[in-house]
Amino acid sequence: MATTTLWTGGLSQIHDGPGGYSGIEAGPEWAAEIKRLARSRGATILAHNYQLPAIQDVADHVGDSLALSRIAADASEDEIVFCGVHFMAETAKILSPDKRVLIPDARAGCSLADSIDAEQLREWKSEHPDAVVVSYVNTTAEVKGLTDICCTSSNAVEVVESIDPDREVLFLPDQFLGAHVKRVTGRTNMLIWAGECHVHAGINGDELTARSRAYPEAELYVHPECGCATSALYLAGEGFVPAEKVKILSTGGMLDAARTTGAKQVLVATEIGMLHQLRKAAPGVDFQPVNERASCPYMKMITPAALLRCLTEGKDEVHVDRGVAERARQSVERMIAIGTPGGGGE
Ligand code: SF4
């Protein structure tokens with residue numbers, strides 16, 4: 001029997017525009033309705049760290065993409081509502097093929113994942129038939145299905161080092177992470193796809209240098225799980241920022257470091273959604289973005305209206321072909337087996 005609700009908002013108030021679904025206020029009634037709907041559907045709500053604060057606050061779990069995918073696989077619920085971008089929901093589906101995975105707006109893409117598709121990868125592989133393909137996690141399920149080993153920024157170096165030095169490596173899609181790995185490993189037989197997250201192309205050397213001059217005592221936190229931070233990772237290695245001040249941290253690691261840091265100021269090179277959590281964790285520390293425009297519009301497409309629509313209508317469901325999912329799962333599992341894939345989150 002359906003439970004009654006005092007909620008006066010509803011689907012009729014939702015508008016669909018260029019930035020996604022809108023028209024719903026994220027007040028306490030909305031939050032109560034979201035929780036009621038999730039319970040009645042037997043769903044668990046997962047939210048990426050870069051989601052809007054209201055979405056994070058109403059979710060059952062908040063974290064980075066891999067941590068959330070693992071939570072999805074272990075969850076007792078049969079339905080996962082993934083508040084994040086599409087490739088992340090696909091990764092959850094790959095690791096939980098028997099669960100129903102919903103994303104509140106399937107149009108929430110990722111410019112980095114979109115920088116190479118399966119057709120382009122097939123063609124690249126055909127030009128290098130003996131190469132080992134290493135893909136960063138920001139890729140579509142189809143691309144993961146054509147990949148030998150996935151990697152995160154945290155274990156990309158170890159993944160490449162685990163490959164026979166005589167085998168050629170095709171590394172994709174992030175050119176900054178690729179350049180970082182090539183420099184650290186000294187590997188010459190490694191080809192790098194020229195992809196990037198255009199949202200955060202603004203985290204550049206000049207900006208990092210200017211920010212670190214403006215805050216000479218500040219530490220620099222770089223989050224490895226999202227492509228937005230890999231340019232900072234590369235630039236830190238190039239000496240734009242003193243190495244001892246640079247900390248490459250997962251979300252959970254960033255929060256732990258924030259609670260214990262002796263620094264008065266910390267520069268944060270990642271999506272600005274992270275600042276909200278850091279400031280809550282360590283109110284006495286001055287957290288400043290390296291690039292205050294580093295806000296991902298795809299992440300922000302998961303609006304209160306989109307989540308309400310998702311739980312009311314059971315949309316958008318994420319489908320991954322079984323065969324593709326099986327091959328993709330192998331590449332993800334190889335990644336998990338090598339080194340520290342990073343993540344952690346909450
Ligand atoms: S911040 Fe960049 S890499 Fe991360 S999800 Fe958005 S577009 Fe993709």
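These legends describe close-up views of a predicted model.

**View 1. The whole protein chain.**
The protein chain holds 14 helices and 14 strands. It has 346 residues, and 51% of them count as buried. Consider the contacts between residues at least 6 apart in sequence: 69% of these join residues at least 24 apart.

**View 2. An open sheet with the order S4-S3-S5-S6.**
Four strands make up this open sheet, and their pairing is parallel. Strand S4 (61-63) and strand S6 (100-102) stand at the edges. Each has a single partner strand, so one side of each is left without a neighbour in the sheet. On average, neighbouring strands are turned by 25 degrees against each other, direction ignored. Strand S5 (residues 79-83) runs parallel to S6, and three bridges join them. Look for Val81: its bridge partner in S6 is Leu102.

**View 3. Helix H3 and its cover.**
Helix H3 spans residues 65-74. Seven of its ten residues are buried, so H3 is largely enclosed by the rest of the structure. The buried residues are Ser65, Leu66, Ala67, Leu68, Ser69, Ile71 and Ala72. What lies over them? The cover includes strand S3 (43-48), S4, S5 and H4.

**View 4. The packing of H3 against H4.**
Two packed helices are described by the angle between their axes and the distance between the axes. For H3 and helix H4 (residues 86-95), the angle is about 35 degrees and the axes are 8 Å apart. Their crossing is right-handed. From H3, the contact takes in Ser65, Leu68, Ser69, Ala72 and Ala73. From H4, Met88, Thr91, Ala92 and Leu95 meet them. These contact residues divide into six nonpolar, three polar and no charged.

**View 5. Phe82 in the largest nonpolar core.**
In soluble globular proteins, nonpolar side chains tend to be buried together. The largest nonpolar core here has 101 residues. Which of its residues touch the most other members? They are Leu46, Val81, Phe82 and Cys83. Center the view on Phe82. Leaving out residues up to four places away in sequence, Phe82 touches Leu46, Met88, Ala89, Ala92, Val101, Leu102 and Ile103. Two of these names return from the helix packing view: Met88 and Ala92 belong to H4.

**View 6. Val134 in strand S7.**
Val134 is found in strand S7 (residues 132-136). Is Val134 buried or exposed? Val134 is buried, because 25 other C-beta atoms lie within 10 Å, and 20 or more is the mark of a buried residue. Neighbours within four places in sequence set aside, Val134 is in contact with Asp148, Ile149, Cys151, Val159, Val160, Val169 and Phe171. Lys144 is ten residues from Val134 in sequence. The C-alpha atoms of Val134 and Lys144 are 9.1 Å apart in space.

**View 7. Helix H8 and the glycine after it.**
Helix H8 covers residues 175-185. Its buried residues are Phe176, Leu177, Gly178, His180 and Val181. Gly186 follows H8. The phi of Gly186 is positive, near 70 degrees.

**View 8. An open sheet with the order S12-S11-S13-S14.**
This open sheet has four strands with parallel pairing. Strand S12 (246-248) and strand S14 (286-289) are the edge strands, and each pairs on one side only. From one strand to the next, the twist averages 25 degrees. Strand S13 (residues 265-269) pairs with S14 over four bridges, in the parallel sense.

**View 9. Helix H12 across two strands.**
Helix H12 (residues 273-281) lies across S13 and S14. How does H12 run relative to S14? The angle between H12 and S14 is about 175 degrees.

**View 10. Gly10, ahead of the strands.**
Gly10 is found in the segment before strand S1 (15-17). Gly10 is exposed, because 12 other C-beta atoms lie within 10 Å, and 12 or fewer counts as exposed. Ala305 is 295 residues from Gly10 along the chain. Their C-alpha atoms are separated by 8.9 Å.

Notes
Residues numbered from 1 in each chain as written. Predicted model: local features only at pLDDT ≥ 70, side-chain atom pairs only at ≥ 80, totals over all residues. Core = buried A, V, L, I, M, F, W, Y, C linked by C-beta atoms within 7 Å. Contact = placed C-beta atoms within 7 Å. Pairing = 2+ DSSP bridges. Axes fitted to C-alpha atoms, helices over the stretch in contact; angles between N-to-C directions. Left-handed = near helix turned anticlockwise from the far one by under 90°. Nonpolar A, V, L, I, M, F, W, Y, C, P; charged D, E, K, R; others polar.
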